[in-house]
Amino acid sequence: MVISPRAAKAPSVPDDAMRDARTRDRVLALISEQGPITAADLAAELGLTATGVRRHLDQLAETGAVTSRAPHAGKRGRGRPAREWVVGDSGHERLTADYDELAAEAMRFVRQTGGEDAVRAFADQRIRALEERCAPQIEAAGDDPRARTEALVDALRTEGYAASARTVGDDVVVGLQLCQGHCPVQHVAAEFPELCEAETDAFSRLLGVHVQRLATLAQGDHVCTTFVPTPGARPDTERSTR
């Protein structure tokens, strides 16, 4: 009997397994962008059932790609608070580019040959290129710090940063938290904090206000958080710009 080439083709991965894998990637990407985030919010954003999203979270948690934590004290209401999900160690590795080690070696060479000043000069030069690419989009947003922050979020996303912005304040919005759930240079910045310092300075210049870096992935936090003050803000019931 002659077997046609089509019939002899090796079996492929089941469609269900491929769909599940793609959905898990979407869950991980959304957590990196908006985390800390609850399972209910993930389900709503992705159009999944609560049971379905928890199944994917359990599978991601088994590999250390995500981890859960108790919500921030300010978010707790009545009843048992829903746990929030953030990207775990292996999740950051999945989201990290392969050139990390090469970049770290290059930075070490710069430090060995030029000293700490050369490292900061390199960090400033690198972030200036990012700043120049982001500036036109931010300038087009006008003078309002909140609108400029939202424009910066969009610009950072195109650069590979999982960025979002959330309002700070209950009765009166006092500022925004610019959050980065994934950073392309996270592992290099753990050894060279000058990269984070230069980035923070660039954010201040781009937004036209003095910003404050509160937490960084490079130092072991679950998300990079930068506080952006919004002078003259009015009362607002919105809790997130995204």
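Colleague: Of the 242 residues of the chain, what percentage count as buried?

Modeller: The model is a predicted one, and in it 40% of the 242 residues count as buried. The accessible surface of the chain comes to about 13,600 Å², and carbon and sulfur atoms account for 51% of that area.

Colleague: How many helices and strands make up the secondary structure of the chain?

Modeller: There are nine helices and seven strands. As to how the chain is linked across its sequence, consider the contacts between residues at least 6 apart: 60% of these join residues at least 24 apart.

Colleague: Let us turn to the sheets. In what order do the three strands of the open sheet stand?

Modeller: In general, strands of a sheet pair through backbone hydrogen bonds, either parallel or antiparallel. Here the order is 1-3-2, and the pairing is antiparallel. Strand 1 (37–38) and strand 2 (66–69) are the edge strands; each has a single partner strand, so one side of each is left without a neighbour in the sheet.

Colleague: How many bridges join strand 2 to strand 3?

Modeller: Four bridges join them, with strand 3 covering residues 84–87 and the two strands running antiparallel. For orientation in the viewer, Val66 stands opposite Val87 of strand 3.

Colleague: Which strand pairs with strand 4, and in which sense, parallel or antiparallel?

Modeller: Strand 4 pairs with strand 5 (residues 175–180) in the antiparallel sense, over six bridges. Within this pair, Thr167 has Leu176 of strand 5 as its bridge partner. Strand 4 spans residues 163–168, and five of its six residues are buried, so this strand is largely enclosed by the rest of the structure.

Colleague: Which residues does Leu156 touch, not counting residues up to four places away in sequence?

Modeller: Leu156 touches Leu130, Tyr161, Ala163, Leu178 and Phe203 on that basis.

Colleague: Is Ala39 buried or exposed?

Modeller: Ala39 has a relative accessibility of 9%, and therefore counts as buried. This residue lies in helix 3 (residues 39–46). Beyond residues up to four places away in sequence, Ala39 touches Val53, Arg54, Leu57, Arg83 and Trp85. Ala39 and Trp85 are 46 residues apart along the chain, yet their C-alpha atoms are separated by 7.4 Å.

Colleague: Is Glu199 buried or exposed?

Modeller: Glu199 is buried, its relative accessible area being 5%. Its place is in helix 9 (residues 194–207). Leaving aside neighbours within four places in sequence, Glu199 is in contact with Ile127, Tyr161, Gln180 and Arg213.

Colleague: What does Glu105 count as, by its relative accessibility?

Modeller: Glu105 counts as partly exposed, at 45% relative accessibility. Glu105 is placed in helix 6. Between Glu105 and Val188 there are 9.2 Å in space, C-alpha to C-alpha, and 83 residues in sequence.

Colleague: Where is Thr216 found?

Modeller: Thr216 is found in the loop between strand 6 (212–215) and strand 7 (224–229). With 9% relative accessibility, Thr216 counts as buried. The side chain of Thr216 reaches the backbone nitrogen of Gln219 at 3.2 Å. Neighbours within four places in sequence aside, the contacts of Thr216 are Cys196, Asp221, Val223 and Cys224.

Terms used
Residues numbered from 1 in each chain as written. Predicted model: local features only at pLDDT ≥ 70, side-chain atom pairs only at ≥ 80, totals over all residues. Heavy atoms only, no water. Pairing = 2+ DSSP bridges. Buried < 20%, exposed > 50% of the residue type's maximum accessible area, 1.4 Å probe, protein only. Polar contact = N/O pair within 3.5 Å; in protein donor to acceptor, adjacent residues only side chain to side chain. Contact = heavy atoms within 4.5 Å. Areas by Shrake-Rupley, 256 points an atom, 1.4 Å probe, with all protein chains shown as cover.
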